[in-house]
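Thanks for coming. I will take one structure this morning and walk through it piece by piece.

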Amino acid sequence: MAASDYPLLFSEWQLRRTSIPNRVVFAPTCPTWVTNPVDGCFTDQAVAYYEERARNGCGLIIIGSNVIREDALLAHLMFPGIWDDRQIEGLARIREACHRHGCKVAVQLLHPGMRSMAVIQKDSTYDFDAAWHTVAPSQVPPGEWPNAPMPKELEDDEIVDIINSFGAAARRVSEAGLDGIEYHLAHGYLPWQFLSPLYNHRTDRWGGSLENRLRFSLDSFQAMREQGGDELFIGYRINSTSFWEGDLETNHLNEVIEAIQVSADIDYVSVSAGVHHSFIHTPMTYPPGWEREYTRAAKQVSTKPVLAVGRITNPSIAEDILSTGDADAILLGRQFFADAEWVTKVKEGREDDIRRCVAANYCWRTATSGGRVQCIYNPEQGRERLWNAETLTPVADPKKVLVVGGGPAALEFARIAAARGHGVTVLEREQETGGHVRVQAGLPDRGEFGFIATWLAAQARKNGAEIRTGFEVTEARLDEVLATETPDHIVVATGCVNRRDGWNGQTVSPVAGWETGNCMSWYDVIDGKSTATGKVVVIDDLQDITGPMTAVKLAQEGCDVTIVSRWPMIAMETMPEVYYLWTREALTKANIPTITDHACVRIEGRTVELINVYAPDRVTTLEADAIVFNTGRYSENRLYHVLKERGMSVEMIGDAVAPRGTFEAVYEGHRAGRRI
Ligand SMILES: Cc1cc2nc3c(=O)[nH]c(=O)nc-3n(C[C@H](O)[C@H](O)[C@H](O)COP(=O)(O)OP(=O)(O)OC[C@H]3O[C@@H](n4cnc5c(N)ncnc54)[C@H](O)[C@@H]3O)c2cc1C
Ligand SMILES: Cc1cc2nc3c(=O)[nH]c(=O)nc-3n(C[C@H](O)[C@H](O)[C@H](O)COP(=O)(O)O)c2cc1C
Ligand code: SF4
């Protein structure tokens with residue numbers, strides 16, 4: 001397949017007076033390439049980041065949320081600002097870089113309303129004079145976390161002031177020479193808070209009827225047009241479904257779209273699901289293009305182009321959405337994190353080379369923890385100035401490199417080092433490569449995760465690496481392996497071992513009597529090396545997706561499963577990836593009882609003894625034919641030390657260094673592959 005197979009996707013289209021070379025649009029995603037959130041100015045890295053997508057053929061980039069007022073900052077999150085003229089220059093530099101490649105640029109304007117957070121500079125000597133409250137149409141707090149701040153109800157003159165700020169931001173966008181603006185009327189932010197009766201309980205001219213609830217947005221459109229000028233295209237992003245009882249839903253959407261197009265001079269509608277207490281960037285169980293039914297509904301009334309989003313990762317889906325008339329342009333969000341070269345690869349007929357977004361949502365974890373947006377298996381994301389296709393240069397003196405282990409760290413190393421001309425051989429003891437990633441893909445509904453390993457292995461082979469499976473490198477075999485392979489350098493990527501004795505970070509010792517029970521690790525259960533039947537107790541200490549989903553899998557296989565944790569909740573660690581609701585729903589549907597605040601202290605054969613962590617004298621016992629632990633891990637790196645002692649050129653990467661996550665493993669593989 002090549003560009004000609006996707007005639008609509010690669011057809012020119014128009015927004016107001018701007019011609020856009022194709023219908024591939026980088027969805028607004030909060031850019032995190034700023035000096036700091038209080039300053040809010042774009043960095044050189046921001047320019048490189050957007051230019052890389054533009055250089056690779058993206059038709060239109062909508063830079064994500066730019067905060068329009070200093071008093072509406074989103075806490076420590078690295079959002080750019082557009083409340084001050086000094087912020088124009090950074091935008092202008094991005095525009096200039098993207099226009100060089102024919103890519104058009106718009107920017108999304110954001111006021112989070114009650115989803116702002118009082119911001120303080122981390123510098124402890126800085127005396128910050130903040131508004132120590134958020135604002136909203138009515139006193140309704142965010143519903144997504146306990147005791148969330150109750151906002152101040154906006155006064156009439158304050159509302160007018162905010163509308164003027166939208167106008168002033170539009171003037172700055174125009175001065176930066178951008179092509180357009182997107183007004184953020186989705187995802188539960190201030191304009192949506194005015195529109196939705198869930199949040200807006202006012203009885204004045206800003207609340208009540210649809211006309212009143214839309215007044216804030218219509219006045220904002222007018223202010224943006226007045227101050228931004230006639231050239232800029234102005235579109236808006238609006239929610240399709242909020243997945244939230246009591247909020248506006250799809251059946252209200254068309255009424256709103258019609259009302260806006262009658263009263264405002266706008267140029268497109270972008271339809272997007274979710275509010276922050278639900279899914280915006282949906283989990284991997286949502287099929288590619290799943291939001292098209294919502295744009296189809298919008299298309300029935302919209303006289304303006306409608307933009308579709310939602311797990312669109314391959315061009316066939318994109319073309320199909322366009323050809324069925326479900327939308328006029330296609331937004332790629334996370335897919336453009338995972339692969340900046342998406343358009344180039346599609347045009348060149350290299351679809352197999354696309355690093356497909358697997359919806360792991362590590363990107364969301366990193367952005368919302370105040371860091372830069374990172375992709376779980378694209379370490380170039382956010383380092384475009386240093387790491388790009390052009391800096392992946394061939395080596396003058398190719399080496400023979402032996403890689404022990406075939407998990408993500410090893411495979412990424414092999415992919416990169418082989419691309420640079422090194423002779424790479426990977427030896428993996430299992431019949432298949434992929435390590436922990438492969439095993440995690442065996443959990444219910446986590447199959448997509450396995451694509452990370454499949455893609456890495458295929459790309460490594462394509463670049464010339466040799467991968468041999470079913471070959472364990474043991475100490476006993478080391479001489480033989482070294483004599484046969486004669487490596488100049490060895491990379492140890494042997495990962496870690498999941499414990500089956502209940503060792504955890506609190507007790508720092510195995511559970512007493514574990515040898516007497518039928519104890520196993522989640523890893524061995526999913527990998528088929530251990531079998532659990534009958535009554536099963538899963539002891540979960542790590543709080544990630546693995547413990548609960550192992551429990552679900554065992555329940556689906558007919559086991560009578562109970563999950564136990566010493567923590568107050570199950571799956572706490574899945575929250576930053578927005579997999580908490582998903583995991584809990586799976587546990588609940590599988591009818592798995594959960595026991596929290598209880599630590600496993602002893603095992604005697606089939607008896608598992610638990611204590612209440614707040615009242616240790618309260619003891620509970622459970623019967624178990626099998627006890628499955630998700631509690632601790634340790635690095636498997638003995639070979640590294642042996643080789644180092646022998647004076648060999650050797651290094652360690654991934655979990656072999658210290659057990660962590662896939663991102664770190666792939667990152668270290670990539671870095672080592674570029675350095676050698
Ligand atoms: C409970 C749990 C949950 C996790 N959940 C997540 C998550 O949600 N998100 C996330 O990002 N990460 C998660 N991870 C971590 C992630 O899967 C690992 O960090 C990552 O796979 C490590 O990659 P690696 O290549 O270093 O090691 P591994 O993936 O462990 O690969 C090592 C490979 O080396 C092979 N090997 C070992 N010794 C030898 C030898 N002597 N000879 C030949 N081959 C050998 C092994 O068979 C294996 O295939 C989780 C891990 C665990 C244990
Ligand atoms: C890290 C991250 C940041 C995002 N920031 C924004 C944003 O600033 N504005 C916005 O409208 N949507 C934002 N989104 C939502 C995306 O635009 C998009 O709607 C969502 O990711 C679903 O599309 P996808 O499946 O192609 O990723 C963000 C998503 C992610 C993962
Ligand atoms: S971290 Fe996961 S969800 Fe985010 S872009 Fe990468 S593959 Fe997609």
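Which strand is Leu307 found in? Leu307 belongs to strand S11. Before I go on, please keep in mind that this is a predicted model.

Staying with Leu307, is this residue buried or exposed? Leu307 counts as buried, because 26 C-beta neighbours lie inside 10 Å; the cut-off for buried is 20 or more. Setting aside neighbours within four places in sequence, Leu307 is in contact with Val25, Tyr268, Ser270, Ala327, Asp328, Ala329 and Leu331. Val24 sits 283 residues away from Leu307 along the chain, yet the C-alpha atoms of the two are separated by 10.0 Å.

Now the overall layout. The chain is divided into domain 1, residues 3-368, domain 2, residues 392-495 + 636-675, and domain 3, residues 500-632. The centres of domain 1 and domain 2, taken over C-alpha atoms, are separated by 40 Å.

Helix H1 covers residues 44-55, which is 12 residues. From the first C-alpha to the last, H1 reaches 16 Å, close to the 16 Å expected at 1.5 Å a residue. How many of the 12 residues of H1 are buried? The number is 9, so H1 is largely enclosed by the rest of the structure. Among the buried ones are Tyr49 and Tyr50, and also Glu51, Glu52, Arg53 and Arg55. The cover over the buried residues of H1 includes strand S3 (24-26), S4, helix H2 (88-99) and H9. After H1 comes Gly57, with a positive phi near 95 degrees.

The other helix is H8, residues 315-323, where Pro315, Ala318, Glu319, Ile321 and Leu322 are buried. As background, an α-helix has 3.6 residues a turn, so residues three or four places apart point the same way. What do the buried residues of H8 pack against? They pack against helix H7 (292-299), strand S11 (306-308), strand S12 (329-332) and helix H10 (342-347). S11 is the strand of Leu307 again. Following H8 is Gly325, whose phi is also positive, near 75 degrees.

On to the ligands. Ligand 1 is surrounded by 38 residues, and the closest are Gly405, Gly407, Gly435, Gly495 and Gly654. By class, that shell has 15 nonpolar, 14 polar and 9 charged residues. Helix H13 gives the most to the shell around ligand 1, with 4 residues.

Ligand 3 has around it, among others, Arg334, Phe337, Cys357, Asn361, Tyr362, Cys363 and Cys375. The shell around ligand 3 divides into 10 nonpolar, 1 polar and 1 charged. Helix H9 (334-338) and helix H11 (362-368) each give at least two residues to the shell around ligand 3, and H9 gives the most, with 3 residues.

Most residues other than glycine have a negative phi. Asn361 is not a glycine, but has a positive phi of about 65 degrees. Asn361 is placed in the loop between H10 and H11, and counts as buried because 23 C-beta neighbours lie inside 10 Å.

Asp597 is also a residue other than glycine with a positive phi, near 60 degrees. The loop that holds Asp597 runs between strand S21 (594-595) and strand S22 (598-604). With 16 C-beta neighbours inside 10 Å, Asp597 counts as partly exposed.

That is where I will stop.

Conventions:
Residues are numbered from 1 along each chain as its sequence is written. Chains are lettered from A and ligands numbered from 1 in the order in which they are written. This is a predicted model: local features need pLDDT of at least 70, side-chain atom pairs count only at pLDDT 80 or more; totals for chains, interfaces and linings use all residues. A residue is near a molecule or strand if its C-beta atom, placed from the backbone, lies within 6 Å of it. Ala, Val, Leu, Ile, Met, Phe, Trp, Tyr, Cys and Pro count as nonpolar, Asp, Glu, Lys and Arg as charged, and the others, Gly among them, as polar. Two residues are in contact if their C-beta atoms, placed from the backbone, lie within 7 Å. Domain bounds come from an automatic or database domain assignment. The expected span of a helix is 1.5 Å times one less than its number of residues.
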